[in-house]
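Hi,

Here is the structure I promised to pass on to you. Have a look at it in your viewer first, then read on for what turned up.

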2 protein chains.
Amino acid sequence: MNDDAMDLRTRNKQATREAIGHAALRLAIEQGPNGLALVRVHDIASAAGVSPRTYNNYFSSREEAICAFQADQSRRVGQALRSRPSAEPLEEAVIAAVTELYTDPEPDRAGLAMIMSTPALEGEALKAFSMAEGPLAEAIAERTGTDPRRDLFPAVTAAAVAGAIRVAGRHWLQPGVTGSFATILRSALSCVFTAAPTTHGPGKAGGDGDD
Amino acid sequence: MNDDAMDLRTRNKQATREAIGHAALRLAIEQGPNGLALVRVHDIASAAGVSPRTYNNYFSSREEAICAFQADQSRRVGQALRSRPSAEPLEEAVIAAVTELYTDPEPDRAGLAMIMSTPALEGEALKAFSMAEGPLAEAIAERTGTDPRRDLFPAVTAAAVAGAIRVAGRHWLQPGVTGSFATILRSALSCVFTAAPTTHGPGKAGGDGDD
DNA sequence: ACCGGATGATGCGTGGCACGCAACCTGTGC
DNA sequence: GCACAGGTTGCGTGCCACGCATCATCCGGT
């Protein structure tokens with residue numbers, strides 16, 4: 001987007017950051033969820049073509065590097081919602097914005113699996129998803145005309161949306177679940193805006209005939 | 001509750017765990033959010049009356065030890081919901097269960113502030129709160145008669161509830177916010193079950209006290 | 001009450017990591 | 001072309017997680 005508007009310095013820095021993050025995730029996937037301890041900083045650094053010391057200038061832990069992509073993605077959620085027509089109802093706007101952002105490239109299954117099903121990565125993954133909440137809450141507050149400092153609705157909804165994205169991801173990764181991520185994501189987000197369904201019909205979710 | 005039903009061994013172990021967790025949180029509070037790096041493992045261990053090696057048998061990071069209490073609390077949420085009369089509507093049951101669990105002793109402001117406003121603790125704190133989601137989702141699924149493996153509603157709602165608790169905590173800690181934690185918590189949880197308030201009149205945050 | 005087994009608590013040693021520091025190299029603006 | 005700001009690298013330090021072997025303590029059966 002603004003890559004050309006940046007200094008060469010800045011662009012290189014960004015590229016380095018992405019290179020390290022990408023290398024970290026790739027190596028983590030190779031080792032699998034149980035071999036995370038085997039992914040040495042040295043390996044990540046050399047895979048990214050930088051010195052270990054430089055790696056450490058960008059990230060202060062392997063976990064942070066591995067989840068960098070998720071974190072970056074989360075940072076864009078607020079803006080994504082703002083870019084929806086303001087006439088659109090909140091529910092539709094949120095679903096459209098989130099779905100668009102998270103399915104432009106269908107997520108990398110292996111990467112998501114690594115990030116979401118590795119205990120040691122859990123904290124960082126949660127942190128990554130929660131990064132969306134602040135900006136999202138502001139965008140929601142703006143759209144609904146509420147004051148986020150006094151009304152909890154925007155923040156709670158933002159947290160719920162972030163949670164729904166997580167849940168959708170987890171569900172999508174489950175073996176035996178069919179359906180595109182987009183479908184599951186929409187379904188999960190719908191739940192956020194649907195008050196308690198005391199008796200709530202069967203088979204939503206990825207919901208085509210799997211039993 | 002079942003303390004007397006446990007083996008002496010088990011009880012001691014539990015006590016040690018709590019001692020370490022408590023010591024860790026106390027020391028962290030003393031150093032403040034910016035001095036977390038100064039809280040040495042050795043200090044925590046000796047403050048808890050155990051060897052550093054033993055500390056490491058219980059927790060594999062300072063963060064984990066500091067957030068142990070939050071984690072333990074989260075593990076009880078599922079059970080708390082199950083203990084509500086099954087005739088009660090989901091919303092009321094959840095609000096009652098969570099409020100009861102989180103306000104039996106009014107939370108320690110300093111401790112919560114430490115846990116929720118220290119970047120280095122953020123991941124572990126999120127992890128602690130998210131521990132409630134699994135059991136909570138199951139309890140919700142059971143109460144609403146939905147199959148959590150096919151329907152996303154239980155999991156999404158559980159995540160939303162966990163998020164609401166977090167948001168309530170953050171709001172409660174904000175300077176200038178009046179009102180008991182119980183009130184704020186109820187207000188936040190209400191948002192979860194309230195569909196989008198396109199025009200949403202009352203039902204604010206601190207509700208009673210503030211302007 | 002006694003004893004063998006199980007389980008937790010410790011000490012020690014090892015490998016790795018985060019980060020401060022200072023020198024070096026590379027774009028940038030004058 | 002030059003001096004400077006900013007990024008990269010190597011080195012050294014202190015801390016930490018964890019495997020292993022040992023010892024103390026608790027448990028259950030006889």
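Predicted model: local features only at pLDDT ≥ 70, side-chain atom pairs only at ≥ 80, totals over all residues.

**DNA strand C**

Let's begin with the DNA. How many residues surround DNA strand C? There are 19, and the closest are Arg53(A), Asn56(A), Arg9(B), Thr54(B) and Asn57(B). So you will need both chains on screen for this part, because a residue is counted here if one of its heavy atoms lies within 4 Å of the strand. Looking from the DNA side, sugar and phosphate make up 59% of the atoms of DNA strand C that come within 4 Å of the protein.

- Val41(A) uses a backbone N or O atom, which lies 3.1 Å from a phosphate oxygen of DNA strand C.
- Arg62(A) has a polar side-chain atom 3.3 Å from a phosphate oxygen of DNA strand C.
- Lys13(B) has an N or O atom in its side chain 3.0 Å from a phosphate oxygen of DNA strand C.

Which elements give two or more residues to the surface near DNA strand C? They are helix 1 (8-31) and helix 3 (52-58) of chain A, together with helix 1 (8-31) and helix 3 (52-58) of chain B. Helix 3 of chain B provides the largest share, with four residues. Sorted by class, the surface near DNA strand C has five nonpolar, seven polar and seven charged residues.

**DNA strand D**

Of the atoms of DNA strand D within 4 Å of the protein, 58% belong to sugar or phosphate, and bases supply the rest.

- Ser51(A) puts a backbone N or O atom 3.2 Å from a phosphate oxygen of DNA strand D.
- Tyr58(A) has a side-chain N or O atom 3.0 Å from a phosphate oxygen of DNA strand D.
- Val41(B) has a polar backbone atom 3.1 Å from a phosphate oxygen of DNA strand D.

Helix 1 and helix 3 of chain A, along with helix 1 and helix 3 of chain B, each supply at least two residues of the surface near DNA strand D. This time the largest share, four residues, comes from helix 3 of chain A. The classes come out as five nonpolar, seven polar and seven charged residues.

**Helix pairs**

Next, some packing inside the chains. In chain B, helix 7 (residues 90-103) and helix 12 (residues 181-193) have axes that come within 10 Å and cross at roughly 150 degrees. That makes helix 7 of chain B and helix 12 of chain B roughly antiparallel to each other, because angles over 145 degrees count that way. Among the residues that meet are Val94(B), Ile95(B) and Val98(B) from helix 7 of chain B and Leu185(B), Leu189(B) and Phe193(B) from helix 12 of chain B. By class, this contact has 10 nonpolar, three polar and two charged residues.

Over in chain A, helix 7 (residues 90-103) packs with helix 11 (residues 153-173) at an angle of about 40 degrees, with the axes 12 Å apart. Helix 7 of chain A and helix 11 of chain A are therefore oblique to each other, and their crossing is right-handed. Leu90(A), Val94(A), Val98(A) and Tyr102(A) of helix 7 make the contact with Phe153(A), Val161(A) and Ile165(A) of helix 11. What classes do these residues fall into? Seven are nonpolar, with no polar and no charged residues.

The last pair is back in chain B. The axes of helix 10 (residues 133-144) and helix 11 (residues 153-173) of chain B come within 8 Å and cross at roughly 130 degrees. Helix 10 of chain B and helix 11 of chain B are therefore oblique to each other, in a right-handed crossing. The contact includes Leu136(B), Ala137(B) and Ile140(B) of helix 10 and Ala155(B), Ala158(B) and Val161(B) of helix 11. Its residues divide into 11 nonpolar, two polar and one charged.

Cheers

How values were computed. Residues numbered from 1 in each chain as written. Chains lettered and ligands numbered in written order. Heavy atoms only, no water. Axes fitted to C-alpha atoms, helices over the stretch in contact; angles between N-to-C directions. Parallel < 35°, antiparallel > 145°, perpendicular 65-115°, else oblique. Contact = heavy atoms within 4.5 Å. Nonpolar A, V, L, I, M, F, W, Y, C, P; charged D, E, K, R; others polar. Polar contact = N/O pair within 3.5 Å; in protein donor to acceptor, adjacent residues only side chain to side chain. Left-handed = near helix turned anticlockwise from the far one by under 90°.
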